[in-house]
Amino acid sequence: MTQRKTSLPGSGLSRRALLSSALALVAAGALVPGARAAEPIKVAGIYTVPVEQQWVSRIHIAAEAAAAAGQITYTFSENVANTDYPRVMREYAESGIELMIGEVFAVEAEAREVAADYPEVAFLMGSSFLEDPGLANFAVFDNYIQDAAYLTGLIAGSMSEAGNIGMVGGFPIPEVNRLMHAFMAGARETNPDVTFQVSFIGSWFDPPKAKETAFAMIENGADMLYAERFGVSDAAQERGLLAIGNVIDTQADYPDTVVASALWHFEPTLQAAIAAVNAGTFEADNYGVYSYMKEGGSSLAPLGTFEGKVPAEVMDLVKARDAAIRDGSFTVEINDTEPKSS
């Protein structure tokens, strides 16, 4: 387990996002009556993978930005084993941490037991399950970035000449499944005959295994890869094929490979929690809504070197759908069931 502490001065974040989040959460009802002073909140992050891993990196970057803005002090532990996770939670709670962030997908029951023992600590945890009103200090989130994943699917469907797309994921849990389904729906819209190869590697961070899985899909006819995990884009690059990124923008690292990416922005989620803690209104809630595109929690990455290479009519459709998603006139379906190969 590695621990680091970050507390840096810097510029402020979006006042509009902070104020709107605060108002929404104040209206939701209070866990602790009365607002607290506006000194930095003591925040701890607990991660089961390195902070460089794409999903966790978005949480980490948002926390470091809040620390740089003077909103929080930030301590974190990475590479925490699932069996060790509850102990680390307790240690941080005992140390005076006020807000804890992390991901408890494999330790749901144990994490909630810890939270119940520390009602004065606010817990904001990535989870496959919803909040429990009986556990007032435990809020959940997930990266609901199906909007942006759907847009990347529109692009992928038009760019796959073979109409055979390989999709490599970590685990078939809701947060992965919904992105894959949204991507597949977009691809089918621009290429009705497209087929998919779907596989899960059983790990959140195993680039070599993801790469080998992608190679097998290429051998089976895939000419486009959906890189839900690190390692997939490397396989596409080595074989001269195209890939679609997920959560972070890797276009600069794979300029001839990554056509588009669905980005997750954790800042709105964290800012809502900070506002709630400061207002004394933090409670059991589903913060997943802050990952929606209309909330600023997700977006389509710039196409970079592929600007102008995607068919113009497809990009017109992408822009129209983007605008419709943001204004609420178009809704991307959320499907959390495990996707299957065609």
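Predicted model: local features only at pLDDT ≥ 70, side-chain atom pairs only at ≥ 80, totals over all residues.
The charged end of Lys 309 sits 5.2 Å from the centre of the Phe 306 ring, over that ring.

The structure holds 16 aromatic pairs. A pair of this kind is described by the distance of the ring centres and the angle of the planes. One aromatic cluster is formed by Trp 55, Phe 105, Phe 141, Trp 264 and Phe 266.

Now step back to the whole chain. The protein chain has 10 helices and 12 strands. Of its 342 residues, 56% are buried. The chain exposes about 13600 Å². Carbon and sulfur atoms supply 53% of that area. Consider next the contacts with a separation of 6 or more. Residues 24 or more positions apart account for 73% of them.

The interior comes next. In soluble globular proteins, nonpolar side chains tend to be buried together. Here the largest nonpolar core has 75 residues. Leu 99, Ile 101, Leu 124, Ile 155, Phe 282 and Tyr 287 have the most contacts inside it. Helix α5, residues 146–159, gives this core its largest share, 8 residues.

Leaving out residues up to four places away in sequence, Leu 124 touches Leu 99, Met 100, Ile 101 and Gly 102, among others. Its partners also include Ala 139, Val 140 and Phe 141. Further along the chain, they include Phe 266, Thr 269, Ala 273, Phe 282 and Tyr 287. Two of these partners, Phe 141 and Phe 266, belong to the aromatic cluster.

Finish with helix α8, residues 232–239. Which of its residues are buried? They are Val 232, Ser 233, Ala 235 and Ala 236. Seen down the axis of α8, these buried residues fall within an arc of 155°, so they line one face of the helix. What covers the buried residues of α8? The cover includes one helix, α7 (207–219). It also includes the strands β7 (164–169), β9 (224–227), β10 (242–247) and β11 (258–264). Just after α8 comes Gly 240, with a positive phi of about 70°.

Conventions. Residues numbered from 1 in each chain as written. Heavy atoms only, no water. Phe/Tyr/Trp six-rings, centres within 6.5 Å; stacked < 30°, edge-to-face > 60°. Lys NZ or Arg CZ within 6 Å of the ring centre and 35° of its normal. Buried < 20%, exposed > 50% of the residue type's maximum accessible area, 1.4 Å probe, protein only. Helix = DSSP H or I, 4+ residues; strand = E, 2+ residues; numbered from the N terminus. Arc of directions from axis to C-beta. Contact = heavy atoms within 4.5 Å. Core = buried A, V, L, I, M, F, W, Y, C linked by side-chain atoms within 4.5 Å. Areas by Shrake-Rupley, 256 points an atom, 1.4 Å probe, with all protein chains shown as cover.
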